[in-house]
Amino acid sequence: MPHASRYSGVYPILYCYFTALNRIDDGAMTAQIEACLALKPDGIAVLGLATEIMKLSEPEKLHLIALTLKAVAGRVPVAVTIGGPEAAGRL
């Protein structure tokens, strides 16, 4: 019998919000996470296509992961998409 994953259910994927200066908008991202958590999801997902994974630099990706983990603060599991055009660029 296959092992059941502890990850199941609904994981809303975060959109990436930017400031007028084209930087990740930490305040908007945190507000989005809180809005998602208020709906009692099974987890949160970040850095998928909706988060523009292929357009963010490695430092931006790392920043977004850290921001998400801090805002979620262990309340639900966090799924992170790992992607890049080449294996070397995948986090």
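Buried means under 20% relative accessible area, exposed means over 50%, and partly exposed lies in between, using a 1.4 Å probe and protein chains only. By that cut-off, Lys61, Leu64, Ile65, Leu67, Thr68, Ala71 and Val72 are buried in H2. This is a predicted model, where local features need pLDDT of at least 70, side-chain atom pairs count only at pLDDT 80 or more, and totals for chains, interfaces and linings use all residues. Residues are numbered from 1 along each chain as its sequence is written, and side-chain values use heavy atoms, with hydrogens and water left out. Helices (H or I, at least four residues) and strands (E, at least two) are DSSP runs, numbered from the N terminus.

**Helix H2**

- H2 has 15 residues, and at 1.5 Å a residue they should span 21 Å. The expected span is 1.5 Å times one less than the number of residues. The end C-alpha atoms of H2 are 21 Å apart, which agrees.
- Which residues of H2 are buried? They are Lys61, Leu64, Ile65, Leu67, Thr68, Ala71 and Val72. They cover an arc of only 165° around the axis, so they sit on the same side of H2. The arc is that of the directions from the helix axis to the C-beta atoms.
- An α-helix has 3.6 residues a turn, so residues three or four places apart point the same way.
- Pro59 and Lys70 are exposed on the other side of H2.
- The buried residues of H2 pack against H1, S1 and strand S2 (78-80). Contact here means heavy atoms within 4.5 Å.

**Thr68**

- Thr68 belongs to helix H2, residues 58-72.
- Thr68 has a relative accessible area of 0%, so it is buried.
- Leaving out residues up to four places away in sequence, Thr68 touches Leu14, Ile33, Ile44, Val46 and Val78.

**Nonpolar core**

- A nonpolar core is a set of buried Ala, Val, Leu, Ile, Met, Phe, Trp, Tyr and Cys residues joined through side-chain atoms within 4.5 Å.
- The largest nonpolar core has 18 residues, and Leu14, Met29, Ile33, Ile44, Leu47 and Leu64 touch the most other members.
- Helix H1 (26-38), strand S1 (44-46) and H2 each supply at least two residues of this core. H2 gives the most, with five residues.

**Val46**

- Val46 is placed in strand S1. Its relative accessibility is 0%, so Val46 counts as buried.
- Val46 and Ile65 are 19 residues apart in sequence, yet 7.3 Å apart in space, C-alpha to C-alpha.

**Positive phi in the loops**

- Most residues other than glycine have a negative phi.
- Lys40 is not a glycine, yet has a positive phi of about 60°. Lys40 is found in the loop between H1 and S1.
- Is Lys40 buried or exposed? At 71% relative accessibility, Lys40 counts as exposed.
- Leu47, also a residue other than glycine, has a positive phi near 70°. Leu47 is in the loop between S1 and H2. At 1% relative accessibility, Leu47 counts as buried.

**Cysteines**

- How many disulfides does a search of the whole structure find? The search finds zero. A disulfide is a pair of cysteine sulfur atoms within 2.5 Å.
- Cys16 has a relative accessible area of 10%, so it is buried.
- Cys36 is buried as well, with a relative accessible area of 15%.
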